[in-house]
Amino acid sequence: MAEVVILDSRAAAGALVADEIVRLVDEVRNPVLGLATGSTPLPVYEALRERLAGHDVSHVRGFALDEYVGLDVTHPESYRSVITREVIEPLGLDPELIRVPNGALETVRHAGDDYEREIIDAGGVDLQILGIGTDGHIGFNEPGSSFASTTRLKTLTEQTRADNARFFDSLDEVPRHCITQGLGTILRARHLVLLAFGVAKAEAVAAALEGPVSAMIPASAVQLHPHVTVVVDEAAASRLELADYYRYSYENKPSWQGI
Ligand code: PGA
């Protein structure tokens, strides 16, 4: 069962996850971070700015979950641009060691396999940050995605395009395709940290954690993983039947246990 941590602010959630990432960076020889884009992980990156200052980060590797297909890599909303702006530059990471799937149309046929190989060659992901879509996606694995899927081309649902339209001038500009790590790729990471904030995510969070394991709710794949931490605010936790138990369990956790 996933550990569910219910906190009262995004900043507290960001701090909790950032502390775990700092521990990895300091203690693991070749730390590999699984990076997410969207609004959800921003409090983590924010908290890391202060916490990582003065630490050696020259050895930190990272793999983003996904990228739009057919959007120029220099577009401000390409995930390469977002990761550069929100993660690489403020944290002082080596851009060569931080990878984002290649969404160029010309190479998209083999870009998924290339990315899988890169992740394996890096030794796999130590800690994967995940957001969740209102349709239950993780990465861009939309409903119906195979639990064994690897990095590949996917078509975005209209719901996801509408959710992401806020980053573009109009809905028409939101790409229709993406390249995303598969659910099988994500499940190979050693620790999954899923974050969700706000009432719009409450239903998807409850379905993912307490509903049946189903391709219709791709995030329910986390139920198959041995080390999952879910960090949510009160609003995103509001549909969880076991919320009181999660609170009790976290409050009574032995102090030596990390997340
Ligand atoms: P968001 O997106 O963090 O911008 O809400 C999450 C997701 O779609 O995975």
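Is R188 buried, exposed or partly exposed? R188 is partly exposed, at a relative accessible area of 43% (buried is under 20%, exposed over 50%, partly exposed in between, with a 1.4 Å probe and protein chains only).

## Ground rules

This is a predicted model, where local features need pLDDT of at least 70 and side-chain atom pairs count only at pLDDT 80 or more, while totals for chains, interfaces and linings use all residues. Residues are numbered from 1 along each chain as its sequence is written, and side-chain values use heavy atoms, with hydrogens and water left out.

## Salt bridges

The whole structure has 15 salt bridges (a side-chain nitrogen of Lys or Arg within 4 Å of a carboxyl oxygen of Asp or Glu). R188 makes one of these with E116, at 2.8 Å from N to O. R188 sits in helix α6 (residues 183-188) and E116 in helix α4, so the bridge ties together parts 72 residues apart in sequence (helices are DSSP runs of H or I with at least four residues, strands are runs of E with at least two, and both are numbered from the N terminus).

R99 is partly exposed at 27%, and E118 is partly exposed at 26%. Elsewhere, E20, R23 and E27 are joined in a salt-bridge network.

## Helix packing

The axes of α2 (residues 42-52) and α3 (residues 79-91) come within 10 Å and cross at roughly 10 degrees (axes are lines fitted to C-alpha atoms over the stretch in contact, with angles from 0 to 180 degrees between N-to-C directions). The two helices are therefore roughly parallel (angles under 35 degrees; over 145 is roughly antiparallel, 65 to 115 roughly perpendicular and the rest oblique). On the α2 side, L42, Y45, L48, R49 and L52 meet E86, V87, P90 and L91 of α3.

In helix α7 (residues 202-210), the buried residues are A202, A204, V205, A206, A208 and L209. Their cover includes strands β1 (3-7), β9 (191-196) and β10 (228-233).

T180, in strand β8 (residues 177-180), is buried at 0%. Beyond its neighbours within four places in sequence, T180 is in contact (heavy atoms within 4.5 Å) with residues including L65, D66, F140 and R152.

L24 belongs to helix α1 (residues 10-27) and is buried at 8%. Leaving aside neighbours within four places, L24 touches P31, L33, D126 and L127.
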